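Keep the picture open while you go through the points.

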Amino acid sequence: MGTDSTPRRGPSRRQVLGAAAVLAAAGAVTGYARHYFSPDGTGEDPHGDFRVPTGGYHFERHRTPGRTVVRAADGRVLATFTDGARTAVLAGPTRTWSEPRTTSAVVHSDAWVRLMPEEWRPGHERTREFREWFPKVLADRSPDVIGTAFQYGDGAPDRRAASGLRYAGKAHFGPRVPGQSSSSFHYLDEKSDFYDYLGVPWTFQDGTRKEPEKARYGDVDCSGFMRLVWGYRMGYPLHATNTAGPGLPRRAYAIADLAPGVLLIPNTGRRPADISLLQPGDLVFFAIDIGRPHGIDHCGIYLGPDDNGHPRFYSSRSKANGPTMGDLAGRATLDGDGFYAQGLRMARRL
């Protein structure tokens, strides 16, 4: 259950959409996500690990997948844009992500994940639009996709819009399932979407209206968490079904199969032999549901290697009761012989 017992009833649909439009400026990430840059918004890095160049960019084309890599005049990689994807991975000040309750692992990363207005296409770097946009986004220190995701993890304080809507703060996975023991993977119920966390009704582009369940206020399951971060917070399109549509469908298996973007690792029914294509912000998909057919049933966001070199991901999980990068009921790494590593099946770049 969430930190509040009942949903707030005040915000209207207009207020909810208005809140979503300004959330990117809501502030720094919380709790165990520590920033190594000045909190005053200047973008200056007191640790000196990143300098924003003012020009002299060099653009390289790479294949598999097709992408444009941007380098500074001194050779530093500044950004990666993948053909057919809206995800931009940009260099910036190093940040530290940790979660002491569930793991001793720490992730240090200079990757900042942003969502571009449209899918990248080769040659877009030659447009006036890009030349004006790129220096600004490279210097942007407002919460990115990963920073936003950590606004729902351990210790995250509540954040509210002017309307009173709680749009961020510690999320939980779902309500208890009667008859299930606390050791069961089904102890907490899935089926909590982003509008359940918010406690407000939501009307999708096709006119479908969904009502939140009071018992799920403050809760999001794994795919609901992706929709909360990418859709509600970052503005990626969402739809209400598990069929093809204009953006992210509802369940993990449908996102894996039908979401827009680039399929990096296809599902062969087995653990992939090579995950070297992954970059922070990629969606990773798993087949982990014990005792059921081995279809895709879990998804998360790839963070990058931890301080021991193990590739780590972030997702909402039953055993941790919410978003976590930790190791409860299985190490949250994609290598080795752990529960999630063995269940990894696919990856996609939005």
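Let's start with a word you'll need a lot: a residue is buried if its relative accessible area is under 20%, exposed if that is over 50%, and partly exposed in between (1.4 Å probe, protein chains only). Phe 286, at 0% relative accessibility, counts as buried. What you're looking at is a predicted model, where local features need pLDDT of at least 70, side-chain atom pairs count only at pLDDT 80 or more, and totals for chains, interfaces and linings use all residues. Residues are numbered from 1 along each chain as its sequence is written, and side-chain values use heavy atoms, with hydrogens and water left out. Helices (H or I, at least four residues) and strands (E, at least two) are DSSP runs, numbered from the N terminus.

**Helix H2**

- Helix H2 covers residues 128-139, and its buried residues are Phe 130, Phe 134, Val 137 and Leu 138.
- These four cover an arc of only 95° around the axis, which puts them on the same side of H2; the arc is that of the directions from the helix axis to the C-beta atoms.
- Here's the background: an α-helix has 3.6 residues a turn, so residues three or four places apart point the same way.
- Turned away from the buried side is a face that carries the exposed residues Arg 128, Arg 131 and Lys 136.
- What covers the buried residues of H2? Strands S2 (58-62), S3 (67-71), S4 (77-82), S5 (87-98) and S6 (106-115) are included in the cover.

**Helix H5**

- Helix H5 (residues 222-233) has twelve residues that should span 16 Å at 1.5 Å a residue, and its end C-alpha atoms are 16 Å apart, which agrees. The expected span is 1.5 Å times one less than the number of residues.
- H5 is mostly covered, with twelve of its twelve residues buried; among them are Cys 222, Phe 225, Arg 227, Trp 230 and Arg 233.
- After H5 comes Gly 235, with a positive phi near 90°.

**Aromatic rings**

- Rings of Phe, Tyr and Trp (its six-membered ring) pair if their centres lie within 6.5 Å; planes under 30 degrees apart count as stacked, over 60 as edge-to-face and the rest as tilted.
- This structure holds 23 aromatic pairs.
- Phe 81 and Phe 130 have ring centres 5.7 Å apart and planes at 85°, so the pair is edge-to-face.
- That pair links distant parts of the chain, as Phe 81 is in strand S4 and Phe 130 in helix H2, 49 residues apart. Both Phe 81 and Phe 130 are buried.
- Phe 286 and Phe 313 make a tilted pair, 4.7 Å centre to centre with 35° between the planes.
- Phe 286 lies in strand S12 (residues 283-286) and Phe 313 in strand S14 (residues 311-317), so this pair ties together parts 27 residues apart in sequence. Phe 313 is at 0% relative accessibility and counts as buried.
- Which residues do ring pairs link into a cluster? They are Tyr 57, Phe 59, Phe 81, Trp 120, Phe 130, Trp 133 and Phe 134.

**Charges over rings**

- A charge sits over a ring if NZ of Lys or CZ of Arg is within 6 Å of the ring centre and within 35 degrees of the ring normal.
- Arg 76 has its charged end over the ring of Phe 50, 5.7 Å from the centre.
- Over the face of Trp 112 lies Arg 95, at 3.7 Å from the ring centre.

- Asp 193 sits in the loop between strand S8 (166-168) and helix H4 (194-198), and is buried with a relative accessible area of 1%.
- Contact means heavy atoms within 4.5 Å. Not counting residues up to four places away in sequence, Asp 193 touches Asp 219, Val 220, Gly 224, Arg 227 and Arg 250.
- His 298 is in strand S13 (residues 298-305) and is buried, with a relative accessible area of 5%.
- The side chains of His 298 and Ser 315 make a polar contact at 2.8 Å. That term means a pair of N or O atoms within 3.5 Å; within protein, one must be able to donate a hydrogen and the other to accept it, and residues adjacent in sequence count only if both atoms are side-chain atoms.

- The peptide bond from Thr 64 to Pro 65 is cis, with omega near -5°, and Pro 65 lies in the loop between S2 and S3.
- Lys 191 isn't a glycine, yet has a positive phi of about 85°. At 55% relative accessibility, Lys 191 counts as exposed.
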